[in-house]
Amino acid sequence: VQLQASGGGLVQPGGSLRLSCAASGSIFRINTMAWYRQAPGKQRELVAAATSGGSTNYADSVKGRFTISRDNAKNTVYLQMNSLKSEDTAVYYCNYKGPGSSRWGQGTQVTVSS
């Protein structure tokens, strides 16, 4: 499985960005796709995850501001990020998990700054 992420950039506090991650290759029908982030000097943390069955979960820090969604026909996961804060600045990575398989995308930088 290969993952191609896009959509990062520089945005002012309060602004919005949408990240996309397209998966290709041997994709299991039952899987979880997620977004993680890693800020400088910090550990990588889960931001949001969505299963192929439609379940989602979010980090407390992004609940009510971020929305994860999937287009299973396109094997693509999205992260809509609204009301961005400076503390959301990080490299965002998409992740695919299938039975016995886990893959990471290349990471996309999100910088929230005035």
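## An exposed serine

S114 is exposed, with a relative accessible area of 84%. Here, exposed means over 50% relative accessible area, buried means under 20%, and partly exposed is in between, using a 1.4 Å probe and protein chains only. This is a predicted model, where local features need pLDDT of at least 70, side-chain atom pairs count only at pLDDT 80 or more, and totals for chains, interfaces and linings use all residues. Residues are numbered from 1 along each chain as its sequence is written, and side-chain values use heavy atoms, with hydrogens and water left out.

Strands are DSSP runs of E with at least two residues, while helices are runs of H or I with at least four, and both are numbered from the N terminus. S114 and G14 are 100 residues apart along the chain, yet their C-alpha atoms are separated by 9.8 Å.

Now look for an open sheet of four strands, whose order is 1-3-8-7 and whose pairing is antiparallel. The edge strands, each pairing on one side only, are strand 1 (2-6) and strand 7 (66-71). From one strand to the next, the twist averages 15 degrees. Such angles run from 0 to 180 degrees between N-to-C directions, with axes that are lines fitted to C-alpha atoms.

What holds strands together in a sheet? They pair through backbone hydrogen bonds, either parallel or antiparallel. In this report, two strands count as paired if DSSP finds at least two bridges between them.

## Strand 8 and its partners

Strand 8 (residues 76-81) is joined by six bridges to strand 3 (residues 17-24), and the two run antiparallel. Within this pair, L17 stands opposite M81 of strand 8.

Strand 7 is also joined to strand 8 by six bridges, again in an antiparallel arrangement. T67 has Q80 in strand 8 as its bridge partner. Strands 7 and 8 form a hairpin with four residues between the strands, where N75 takes a positive phi near 50 degrees.

## One disulfide

How many disulfides does the structure hold? There is one, formed by C21 and C94 with their sulfur atoms 2.1 Å apart. A disulfide is defined as a pair of cysteine sulfur atoms within 2.5 Å. The link of C21 and C94 is right-handed, with 50 degrees about the S-S bond.

C21 lies in strand 3 and C94 in strand 9 (residues 90-98), so the pair ties together parts that are 73 residues apart in sequence. Both C21 and C94 are buried.
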